[in-house]
Amino acid sequence: MSASARYFNPEMKMARLIETDHHLLTVLSRLGIRGGFGEGTVEKICTDKGLDPGTFSLLCNVYSFPSFEPEAEQLRRGRINDVLRYLHQSHDYYVNNAIVTLASNLETLIEPCKDNLRQIIWKFFSDYKTELEKHFEYEEGNVIPYVQNLMIGRARPGFSIDSFEEDDTSIDESLSDLRSLVLKSLPAECNDTLRTKLLNFIFNLQRDLTRHSLVEDKLMIPMVRLIEDPHSAYGRTDSTTEESRERADELSEREKEILVSVARGMLNKEIADKLDISINTVITHRKNITRKTGIRTVAGLTVYAILNNLIDINSVK
């Protein structure tokens with residue numbers, strides 16, 4: 001079977017797509033596609049719903065196959081409005097459904113805990129809730145309108161999709177910490193059935209949030225770059241080709257150089273200027289560093305750099 005044959009395409013039947021990965025029911029729901037597919041193909045059902053079948057297939061491939069990498073021509077042919085529609089509906093679900101459900105289940109679970117422990121856990125959750133709401137509020141109030149205006153020729157001075165990616169933060173790190181607290185640290189008097197229910201919900205939510213970020217990184221951001229500059233060379237080989245030659249678990253010399261810069265408190269723009277590379281290349285390298293080390297935060301990367309003798313502790317601010 002060829003690599004392309006593994007992935008979804010507009011010619012396959014919609015029911016078959018769901019049988020292959022039932023998690024895609026989430027994608028369909030957010031795009032307004034309901035059940036009763038019969039023998040309808042992806043192309044027919046999407047066309048009936050006013051969706052671009054090719055863009056829908058890209059969404060499903062990114063959601064189901066984290067290693068899937070869209071080709072430049074697929075991105076050029078894609079319909080950014082369909083991607084924005086999916087992201088908007090995802091934001092609505094996270095803020096108005098997922099967080100509400102999470103709060104209710106957590107509140108019930110920690111009820112038997114002592115007051116001080118319950119307050120600590122609830123504050124941690126409340127801070128995460130605020131962080132998540134601000135993240136999506138920024139996307140809804142800044143990023144999506146920017147793209148919509150860009151499509152009709154109204155570029156926003158001083159803002160670009162690279163600006164969004166540089167400021168974008170992980171939205172599941174604190175959720176991982178909450179999961180660990182529920183899994184490892186809650187006292188035995190907490191109802192184990194409720195604990196299991198909450199953990200299942202958190203695991204599923206984390207998976208969905210990860211896919212959400214992949215849709216942004218692999219579809220929205222590169223598609224918007226192509227709108228900003230139709231002649232841009234999406235998939236530039238200045239870092240990705242070099243990366244493909246590196247061992248999966250070993251930092252390249254360039255990645256070590258960027259890691260040290262991050263540990264010293266430099267911003268992406270400052271690193272790009274210092275090394276005479278694009279911000280996009282810096283961001284790509286930083287993603288590779290996170291993938292290879294498993295560490296996401298600046299504080300964690302700083303400790304990693306110190307422990308691996310990449311930087312002297314006295315040189316860190």
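What share of contacts in the protein between residues at least 6 apart in sequence join residues at least 24 apart? I looked this up before anything else. The share is 73%. I note here that the model is predicted.

**Entry: overall make-up**

I listed the secondary structure next. The protein comes to 15 helices and 0 strands. I then checked burial across the 317 residues. Buried residues make up 42% of them.

**Entry: H4 against H6**

I took helix H4, residues 53-64, and helix H6, residues 80-109. Their axes come within 9 Å and cross at roughly 45 degrees. That angle makes H4 oblique to H6. I also looked up the hand of the crossing, and H4 passes H6 in a right-handed one.

Which residues make the contact? From H4 I found Thr55, Leu59 and Tyr63. From H6 I found Asp82, Val83 and Tyr86. I sorted the residues by class: the contact of H4 with H6 has 4 nonpolar, 1 polar and 1 charged.

**Entry: Ile99 in H6**

I stayed with H6 and picked Ile99, which has its place in that helix. Is Ile99 buried or exposed? Its relative accessible area is 2%, and buried means under 20%, so Ile99 is buried.

I then asked what Ile99 touches, leaving aside its neighbours within four places in sequence. The contacts are Tyr94, Phe125, Tyr128, Lys129 and Leu132. I looked at Phe125 in more detail. Phe125 lies 26 residues from Ile99 along the chain. The C-alpha atoms of the two are separated by 9.7 Å.

**Entry: H9 by itself**

I moved on to helix H9, residues 173-185. At 1.5 Å a residue, its 13 residues should span 18 Å. The end C-alpha atoms of H9 are 17 Å apart, which agrees.

Which residues of H9 are buried? I found Ser174, Leu175, Ser176, Leu178 and Val182. I also looked up what covers them. The cover includes H6, helix H7 (115-151) and H10.

**Entry: H9 against H10**

H10 needed its own look. This helix takes in residues 192-228. The axes of H9 and H10 come within 10 Å and cross at roughly 160 degrees. Angles over 145 count as roughly antiparallel, so I logged H9 and H10 as roughly antiparallel to each other. Their crossing is left-handed.

I wrote down both sides of the contact. On H9 I have Leu175, Ser176, Leu178, Arg179, Val182 and Leu183. On H10 I have Arg195, Leu198, Leu199, Ile202, Phe203, Leu205, Gln206 and Leu209. By class, the contact of H9 with H10 has 10 nonpolar, 2 polar and 2 charged residues. I checked this list against the burial entry for H9. Leu175, Ser176, Leu178 and Val182 meet H10, and they are among the buried residues of H9.

**Entry: H14**

My last helix was H14, residues 279-293. H14 has 15 residues and reaches 21 Å from its first C-alpha to its last. That is close to the 21 Å expected at 1.5 Å a residue.

How many of the 15 residues of H14 are buried? I get 11, so H14 is largely enclosed by the rest of the structure. The buried residues include Ile279, Val282, Ile283 and Ile289. Also buried in H14 are Asn280, Thr281, Thr284, His285, Asn288, Lys292 and Thr293.

I finished at the end of the helix. Just after H14, Gly294 takes a positive phi of about 75 degrees.

Definitions and conventions
Residues numbered from 1 in each chain as written. Predicted model: local features only at pLDDT ≥ 70, side-chain atom pairs only at ≥ 80, totals over all residues. Heavy atoms only, no water. Axes fitted to C-alpha atoms, helices over the stretch in contact; angles between N-to-C directions. Helix = DSSP H or I, 4+ residues; strand = E, 2+ residues; numbered from the N terminus. Parallel < 35°, antiparallel > 145°, perpendicular 65-115°, else oblique. Left-handed = near helix turned anticlockwise from the far one by under 90°. Contact = heavy atoms within 4.5 Å. Nonpolar A, V, L, I, M, F, W, Y, C, P; charged D, E, K, R; others polar. Expected span 1.5 Å × (residues − 1). Buried < 20%, exposed > 50% of the residue type's maximum accessible area, 1.4 Å probe, protein only.
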